[in-house]
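Hi,

Here is the structure I promised to pass on. Have a look at it first, and then read my notes below.

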Amino acid sequence: MKTPHFNIREANSQDAERLHQLHTASVRALCSGHYPAEIIDGWLSNRRPEGYLPGIERGDIFVVERDSKVVGFGEAAPGKIIAVYVDPIAGRLGVGSAIMRRALEKARRGWQGPIHLESTLNAESFYERFGFRVVQRTTVQRNTVAVPVVVMELDCIQPMASTAKAEQGK
Ligand SMILES: CC(C)(COP(=O)(O)OP(=O)(O)OC[C@H]1O[C@@H](n2cnc3c(N)ncnc32)[C@H](O)[C@@H]1OP(=O)(O)O)[C@@H](O)C(=O)NCCC(=O)NCCS
């Protein structure tokens, strides 16, 4: 059984540079098995640290720290999970699950309906562990490229049981 020792806190503007680095490294390392290089290059082009500031200012972005180093971040708002990214050097240690627990809390705050997200192809089975189901396979435009994604939904009734099941499996 894994025993995670993570600190989760709201992101602030000083995290923007690290969020940018981590996001880029995470996509390049962990999504590359499911997307061709030209899609990943197009997806990541024109990204800048400043792009994270609006989400930080809204209070939607939070970070996970291990030994005072940011090893993952999430972004969520009522009814939706926007981002879940883990540093590739900290993969499969429970960081993603810790992000999901906090993201689901934020997504449920003041929200009674289903929760939506757009999953990368590589993360589909990760989200299924939390009770999400596939609604649609589609693409989203990122700069010059159409990135295939999976639209997923979590029913409002189902989540606690599913999350508990995912957690029992740790
Ligand atoms: C998907 C991601 C968030 C998972 O983070 P993580 O910290 O490795 O996840 P956890 O350690 O909490 O894993 C929990 C369980 O999810 C499942 N899981 C995690 N990554 C998986 C993957 N790539 N494929 C299949 N199952 C996966 C496993 O069952 C794992 O449990 P196990 O290690 O005991 O088998 C991470 O790989 C990532 O950041 N990927 C790149 C960015 C991305 O695609 N994010 C989603 C954007 S919508």
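**What I found**

Helix H1 (residues 16–30) and helix H2 (residues 37–44) pack at an angle of about 170 degrees, with their axes 11 Å apart. Axes here are lines fitted to C-alpha atoms, for helices over the stretch in contact, and angles run from 0 to 180 degrees between N-to-C directions. H1 and H2 are therefore roughly antiparallel (the word is used for angles over 145 degrees). Thr24, Val27 and Arg28 of H1 meet Ile40, Trp43 and Leu44 of H2, where contact means C-beta atoms, placed from the backbone, within 7 Å. By class, these residues are four nonpolar, one polar and one charged (Ala, Val, Leu, Ile, Met, Phe, Trp, Tyr, Cys and Pro count as nonpolar, Asp, Glu, Lys and Arg as charged, and the others, Gly among them, as polar).

Before you go further: this is a predicted model, in which local features need pLDDT of at least 70 and side-chain atom pairs count only at pLDDT 80 or more, while totals for chains, interfaces and linings use all residues. Residues are numbered from 1 along each chain as its sequence is written.

The protein chain has six helices and seven strands, taken from DSSP runs (H or I, at least four residues, for helices; E, at least two, for strands) and numbered from the N terminus.

Now the ligand. The shell around it has 20 residues, and Leu30, Val86, Gly96, Ser97 and Thr120 come nearest (the cut-off is a C-beta atom, placed from the backbone, within 6 Å). H1, strand S4 (80–86), helix H4 (95–108) and helix H5 (124–128) each supply at least two residues of this shell. It divides into nine nonpolar, nine polar and two charged residues.

As for the inside, the largest nonpolar core has 31 residues (a core is a set of buried Ala, Val, Leu, Ile, Met, Phe, Trp, Tyr and Cys residues joined through C-beta atoms within 7 Å). Buried means 20 or more other C-beta atoms within 10 Å of a residue's own, exposed means 12 or fewer, and partly exposed is in between. H4 gives the most to this core, with seven residues. Phe73 is among the residues with the most contacts inside the core.

Asn46 sits in the loop between H2 and helix H3 (53–58), and counts as exposed because it has 10 C-beta neighbours inside 10 Å.

Cheers

How values were computed: Parallel < 35°, antiparallel > 145°, perpendicular 65-115°, else oblique. Contact = placed C-beta atoms within 7 Å.
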